[in-house]
Amino acid sequence: MKLTLSARPPFSFPSVVKSHGWVQLVPFAFDEASATLTYVDHLSSGRIIEYRIIGSPTGVTVQTSAKLTRSEQDEVAAKVIWMFGLEMDFSEFYALARQEPKLAKAEKNAQGRVLRSPTLFEDVIKTILTTNTLWGATKRMTANLVMQFGDPLADDSSRRAFPTPESLAVTTEERLRAETRLGYRAPYILALARAVASGDLDLEVLKAADIPTLELRKRLLKIKGVGNYAAANLLMILGHYDFLPVDSWALKIVSHEWYGGEPIGPAEVEAAFEKWGQRKGLAYWFWDWSYFEKG
DNA sequence: GGTAGACCTGGACGC
DNA sequence: GCGTCCAGGTCTACC
């Protein structure tokens with residue numbers, strides 16, 4: 001099966017794929033040689049399928065080896081549109097970015113979209129797994145979760161979908177600690193899965209564009225394990241850019257940019273991007289950091 | 001509301 | 001080989 005999906009221009013497939021580290025976390029995988037992003041998904045029909053997503057200047061094509069029903073095709077299309085933010089409009093950000101040399105490439109490179117998981121449940125868990133740890137450990141914890149609790153492709157049990165809330169809800173904190181190696185994050189992940197599986201918490205409604213940012217942030221901060229950094233990161237994913245995900249990395253690159261490498265705190269990071277208002281997250285995310293300049 | 005201390009893990013580093 | 005530090009922070013108790 002093949003679906004062709006159009007994006008609001010400008011659009012850049014590699015810009016979305018490489019917008020942050022999600023592409024390195026299963027069930028995502030990216031093949032550089034063929035420039036193909038794959039993702040193993042658990043459809044609401046119960047089937048486990050793999051998407052092969054290829055970019056074009058006008059959007060993406062999605063291929064699956066499985067033959068899908070009409071409703072399954074609609075589900076895949078809706079999910080990929082969300083994952084790539086195909087309908088998102090960054091024209092107001094680009095208008096401001098044209099005035100800032102450090103964002104001069106933003107419009108040309110069609111920056112703004114960030115790669116998202118099909119469900120906010122998956123993005124919340126992955127975000128919690130990025131906190132207070134090394135990136136390598138985030139990849140390992142995510143891989144453990146997927147291998148231990150995700151359902152496999154019919155023809156390749158080494159490729160699995162992200163666990164459903166229901167599959168995680170029935171496990172124990174002890175197993176998440178001892179086998180999945182989530183450490184102190186185990187009770188957070190378990191509580192989240194149980195809340196979503198029971199229907200007490202509906203994360204998908206938070207994708208609605210008309211929820212005010214402060215209300216959204218308040219709801220995200222109620223999730224155990226989600227603090228200021230994680231909430232800001234999730235707001236970025238949800239298309240709200242009023243808060244900065246200030247982590248140790250942000251402190252490092254902002255210090256290098258404006259403070260000569262001296263130790264700084266979150267206040268200095270906030271001050272550096274204050275003038276960008278509701279688009280400060282975008283300005284921060286796509287800033288042409290001197291930290292990465294060669295030489 | 002602000003802050004200190006604890007928290008899982010595992011790689012890097014110094015000895 | 002061993003101990004310590006720290007990383008894409010958060011929570012809780014305490015003031």
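This is a predicted model: local features need pLDDT of at least 70, side-chain atom pairs count only at pLDDT 80 or more; totals for chains, interfaces and linings use all residues.
**Entry 1. Helix H2**

I began with H2, residues 70-84, and checked its length. Its 15 residues, at 1.5 Å a residue, should span 21 Å, and the end C-alpha atoms are 21 Å apart, so expectation and model agree. I then listed the buried positions of H2: Glu72, Gln73, Glu75, Val76, Ala77, Lys79, Val80, Trp82, Met83 and Phe84. The list includes Glu72, Glu75 and Lys79. Just after H2, I found Gly85 with a positive phi of about 55°.

I next looked up residues other than glycine with positive phi. Ala35 has a positive phi of about 50° and is found in the loop between E2 and strand E3 (36-42). For Ala110, phi is near 55°, and the residue lies in the loop between helix H3 (91-97) and H4.

Is each of these alanines buried or exposed? I recorded a relative accessible area of 33% for Ala35, which is therefore partly exposed. Ala110 has a relative accessible area of 3% and is therefore buried. The cut-off for buried is under 20%.

**Entry 2. Cis peptide bonds**

One joins Pro9 and Pro10, with omega about -5°; Pro10 is found in the loop between strand E1 (2-6) and helix H1 (13-17). Another joins Val26 and Pro27, with omega about 5°. Pro27 has its place in the loop between H1 and strand E2 (28-31).

**Entry 3. Packing of H4 and H8**

Two packed helices are described by the angle between their axes and the distance between the axes. For helix H4 (residues 120-128) and helix H8 (residues 186-198), I noted an angle of about 170° and axes 11 Å apart. That angle makes H4 roughly antiparallel to H8, because angles over 145 degrees count as such.

Which residues of H4 and H8 meet? On the H4 side I found Phe121, Val124, Ile125 and Ile128, and on the H8 side Ile189, Leu192, Ala193 and Val196. By class, this contact has 8 nonpolar, no polar and no charged residues.

**Entry 4. Leu192**

I followed one residue of that contact further. Leu192 has its place in helix H8. Its relative accessibility is 4%, so Leu192 counts as buried. Leaving aside neighbours within four places in sequence, I listed its contacts as Phe121, Val124, Ile125, Leu201, Leu203 and Ile223. Among them, Phe121, Val124 and Ile125 belong to H4. I also looked up the separation of Leu192 from Ala77, which is 115 residues away along the chain: their C-alpha atoms are separated by 27 Å. Ala77 is one of the buried residues of H2.

**Entry 5. Packing of H11 and H12**

The crossing of H11 past H12 is left-handed. From H11, the contact takes in Ala250, Leu251, Val254 and Trp258; from H12, Pro266, Glu268, Val269, Ala272 and Phe273. I recorded the classes of this contact as 8 nonpolar, no polar and 1 charged.

How values were computed. Residues are numbered from 1 along each chain as its sequence is written. Chains are lettered from A and ligands numbered from 1 in the order in which they are written. Side-chain values use heavy atoms; hydrogens and water are left out. A crossing is left-handed if the near helix is turned anticlockwise from the far one by less than a right angle, and right-handed if clockwise. Helices (H or I, at least four residues) and strands (E, at least two) are DSSP runs, numbered from the N terminus. Contact means heavy atoms within 4.5 Å. Ala, Val, Leu, Ile, Met, Phe, Trp, Tyr, Cys and Pro count as nonpolar, Asp, Glu, Lys and Arg as charged, and the others, Gly among them, as polar. The expected span of a helix is 1.5 Å times one less than its number of residues. Buried means under 20% relative accessible area, exposed over 50%, partly exposed in between (1.4 Å probe, protein chains only). Axes are lines fitted to C-alpha atoms, for helices over the stretch in contact, and angles run from 0 to 180 degrees between N-to-C directions. Angles under 35 degrees count as roughly parallel, over 145 as roughly antiparallel, 65 to 115 as roughly perpendicular and the rest as oblique.
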